[in-house]
Amino acid sequence: MLKNYLDEVRSRYDLIIIDCPPTESILSRAAYHAADYVFIPVKPEFLSSIGLPLLQRSMDEFSSENPEASAPEVGGIIFNDTIDKVEQGKSRRDVQGFAKRVGWPIFKHEISHSESYPAGARQGKPIFMTDNARWVKKDELTRVGDEFLKEIGL
């Protein structure tokens, strides 16, 4: 149903983003039917990194169960909420190793930790309009956004 609806309105938009929770669900299956790409935000932590094989299995099962549907392409892994800590370095290497084995690209640019994100959520504003916003964070988002748009050809 989601794919059918989006097919009806697709010509009115340059980009449609479907945000799914990191679990196998009816929404993720519907998104696989409707999407051209899957982008994977990953906080470099152990629990996030062990979810990647589950996502790969979910996408593989979708392809097997729906041979008539074109499965979305993995557009890339985007590291987010990063900080310079030893544990994140270990998890980052785990994610990089997995991505290399399965052929998933990893974005060159990342989004580091910022208090602007929870402040924006609390204030009901985009982070750019909070008192916490800093140009360095805005620039990070711009770089990731530019890389994202380049990856999908916009």
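A nonpolar core is a set of buried Ala, Val, Leu, Ile, Met, Phe, Trp, Tyr and Cys residues joined through side-chain atoms within 4.5 Å. In this predicted model, the largest such core has 14 residues. The protein chain has six helices and three strands. Of its 154 residues, 34% count as buried.

**Overall layout**

- From the N terminus on, the elements of the protein chain run α-α-β-α-β-α-β-α-α.
- Along the principal axes, the C-alpha atoms fill a box of roughly 50 × 40 × 30 Å.
- Take the contacts in the protein chain between residues at least 6 apart in sequence: 71% of them join residues at least 24 apart.

**Nonpolar cores**

- Inside the largest nonpolar core, the residues with the most contacts are Ile40, Val42, Leu52, Ile77, Val95 and Trp104.
- Two or more residues of this core come from each of β1, α3, β2 and α4 (86-102).
- A second, separate core has seven residues, including Phe107, Ile111, Val144 and Phe148.
- In soluble globular proteins, nonpolar side chains tend to be buried together.
- Trp104 touches Ile40, Leu52, Leu55, Gln56, Val74, Ile77, Phe98 and Ala99, with residues up to four places away in sequence not counted.

**Sheet**

- Three strands form an open sheet in the order β1-β2-β3, with parallel pairing.
- β1 and β3 (111-112) stand at the edges and each has a single partner strand, so one side of each is left without a neighbour in the sheet.
- β1 and β2 run parallel and are joined by six bridges.
- Pro41 has Ile78 in β2 as its bridge partner.

- Asn80 lies in strand β2. Its relative accessibility is 25%, so Asn80 counts as partly exposed.
- Asn80 touches Pro41, Val42, Lys43, Pro44 and Ile111, not counting residues up to four places away in sequence.
- Asn80 and Ile111 are 31 residues apart in sequence, yet 4.5 Å apart in space, C-alpha to C-alpha.
- Asp81 is also found in strand β2. With 23% relative accessibility, Asp81 counts as partly exposed.
- The phi of Asp81 is near 55°, a positive value in a residue other than glycine.
- Thr82 lies in strand β2. Thr82 is buried, because its relative accessible area of 7% falls under the 20% cut-off.
- Leaving aside neighbours within four places in sequence, Thr82 is in contact with Pro44, Gln88, Arg92, Glu110, Ile111, Ser112 and His113.

**Largest pocket**

- Rolling a probe the size of a water molecule over the atoms shows where empty space is left.
- The largest pocket holds about 1500 Å³ of space.
- Its lining has 45 residues, and Ile18, Val38, Phe39, Ile40 and Pro41 lie nearest its centre.
- The elements that give two or more residues to this lining are α2 (26-34), β1 (37-42), α3 (46-65), β2 (73-82) and α6 (135-152).
- α3 gives the most to the lining of the largest pocket, with nine residues.
- By class, 30 lining residues of the largest pocket are nonpolar, seven are polar and eight are charged.

Note on methods
Residues are numbered from 1 along each chain as its sequence is written. This is a predicted model: local features need pLDDT of at least 70, side-chain atom pairs count only at pLDDT 80 or more; totals for chains, interfaces and linings use all residues. Side-chain values use heavy atoms; hydrogens and water are left out. On a 1 Å grid over the protein atoms alone, a cavity is a set of points where a 1.4 Å probe fits but cannot get out, and a pocket is an open set with protein on both sides within 12 Å along at least five of seven lines; lining residues have an atom within 4 Å of a point. Grid points are joined across faces, edges and corners, and a volume is the space filled by probe spheres set on the points. Helices (H or I, at least four residues) and strands (E, at least two) are DSSP runs, numbered from the N terminus. Ala, Val, Leu, Ile, Met, Phe, Trp, Tyr, Cys and Pro count as nonpolar, Asp, Glu, Lys and Arg as charged, and the others, Gly among them, as polar. Buried means under 20% relative accessible area, exposed over 50%, partly exposed in between (1.4 Å probe, protein chains only). Contact means heavy atoms within 4.5 Å. Two strands pair if DSSP finds at least two bridges between them.
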